[in-house]
Amino acid sequence: MTDHANPSLADLYREACVADVTAFKPGNVSLASPGHGMTADAFLRSADASAPHMARAGIRLGRRVWLSVSATRSAVGCNTNLGIVLLCAPLIQAAMDFPRHGLRDAIDLVLDAADAADGDAVFAAIRLAAPGGLGEVAEHDVATRCRVRLTEAMHAAAAGDAIARQYANGFADLFDDAVPALAREFGRTGAVAPALTGLFLHLLSRHPDTHIRRKHGAAAANRVMQRAAEVRRDCAAAANDHTAYAALRTFDGELKRHGLNPGTTADLCVASLLMYRLLTRTVRNPGDPGKPQHAETPHPAESAATVH
């Protein structure tokens, strides 16, 4: 970790990344199930490599994204965490730059402040990561320089990319749906890994994964969404954890045999866990070390959920 990193925020980010591969999320790489030519170790090394830059004080959003993606590329040589970095960087920027604001207002301020230079750095990070299924677009193509504000570029991509949509709507999908759903899962399971599995099925059964849609088309993404709804129902009706896990393993095998990776949904789960932690824990701000940030409650009904 660099001298300029915030250890509290770096640890929260790293925790969310570790949880990503600890939880069993069908179609994704995990400690229990490699896939898509990758193992969980690459994701864990990516978390370690990117964490100091994600939590580095005194840099702008675009630079935070670029440094984190560049460090990941140097560490593992492939794209393991572009979506995670894109989603988590504004959350961390908000916690650092606006510690006395509520997190939702702070994120709005961060996104409002992101200019074309930030956009250019983000575009460069996307080119470096070279995510699968990324082709040419008619407007604000990442293969070129960014000539508009970052949020304007993200607005143009929002219809086809759930990550861009968070930049366009102020992370409303996480605040209004994903984080309350995660809080409910914590209340039900009492542990991080099964809570993330539950959140993953919740999201994937409600929205077509945009990574699958980019690579394989809308029909494939819709089929996966429908299948996720079936598996979610099967898990809810399962007589025991063994039966539920068997249903998850079957779904995982189906997806990986066909090369289908619900990667965007997984990235949203990581960011949801980080957001949940920022909303419910006190995080010390590097610019004001004597005065920690006030915690918030993501959803009144779930504020008492116990997390281990």
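How do the residues of the lining of the largest cavity divide into nonpolar, polar and charged? They divide into 5 nonpolar, 3 polar and 1 charged, where Ala, Val, Leu, Ile, Met, Phe, Trp, Tyr, Cys and Pro count as nonpolar, Asp, Glu, Lys and Arg as charged, and the others, Gly among them, as polar. The model is predicted, and local features need pLDDT of at least 70, side-chain atom pairs count only at pLDDT 80 or more, and totals for chains, interfaces and linings use all residues. Residues are numbered from 1 along each chain as its sequence is written, and side-chain values use heavy atoms, with hydrogens and water left out.

**Cavities**

- A cavity is a set of points on a 1 Å grid over the protein atoms alone where a 1.4 Å probe fits but cannot get out, and its lining residues have an atom within 4 Å of a point.
- Grid points are joined across faces, edges and corners, and a volume is the space filled by probe spheres set on the points.
- The count is 2 cavities of 30 Å³ or more.
- The largest cavity, with a volume of about 40 Å³, is lined by Tyr13, Cys17, Asp20, Phe43, Ser46, Ala47, Thr80, Asn81 and Ile84.
- Helix 1 (7–22) and helix 2 (40–54) are the elements that give two or more residues to this lining; helices (H or I, at least four residues) are DSSP runs, numbered from the N terminus.
- The second largest cavity holds about 30 Å³ of space, and its lining consists of Val69, Thr72, Arg73, Cys78, Asn79, Asn81, Leu82 and Ala129.
- Helix 3 gives the most to the lining of the second largest cavity, with 3 residues.

**Helix 3 and helix 6**

- Helix 3 (residues 61–76) packs on helix 6 (residues 116–129) at an angle of about 15°, with the axes 7 Å apart; axes are lines fitted to C-alpha atoms over the stretch in contact, and angles run from 0 to 180 degrees between N-to-C directions.
- Helix 3 is therefore roughly parallel to helix 6, the class for angles under 35 degrees.
- Residues of helix 3 in the contact (heavy atoms within 4.5 Å) include Trp66, Val69 and Arg73, and those of helix 6 include Ala125, Leu128 and Ala129.
- By class, this contact has 10 nonpolar, 2 polar and 3 charged residues.

**Helix 8 and helix 9**

- Helix 8 (residues 162–169) and helix 9 (residues 172–189) pack at about 110°, with their axes 7 Å apart.
- That angle makes helix 8 roughly perpendicular to helix 9, a class that covers 65 to 115 degrees.
- Arg165, Gln166 and Asn169 in helix 8 meet Ala172, Asp173 and Leu174 in helix 9.

Definitions and conventions: Angles under 35 degrees count as roughly parallel, over 145 as roughly antiparallel, 65 to 115 as roughly perpendicular and the rest as oblique. On a 1 Å grid over the protein atoms alone, a cavity is a set of points where a 1.4 Å probe fits but cannot get out, and a pocket is an open set with protein on both sides within 12 Å along at least five of seven lines; lining residues have an atom within 4 Å of a point.
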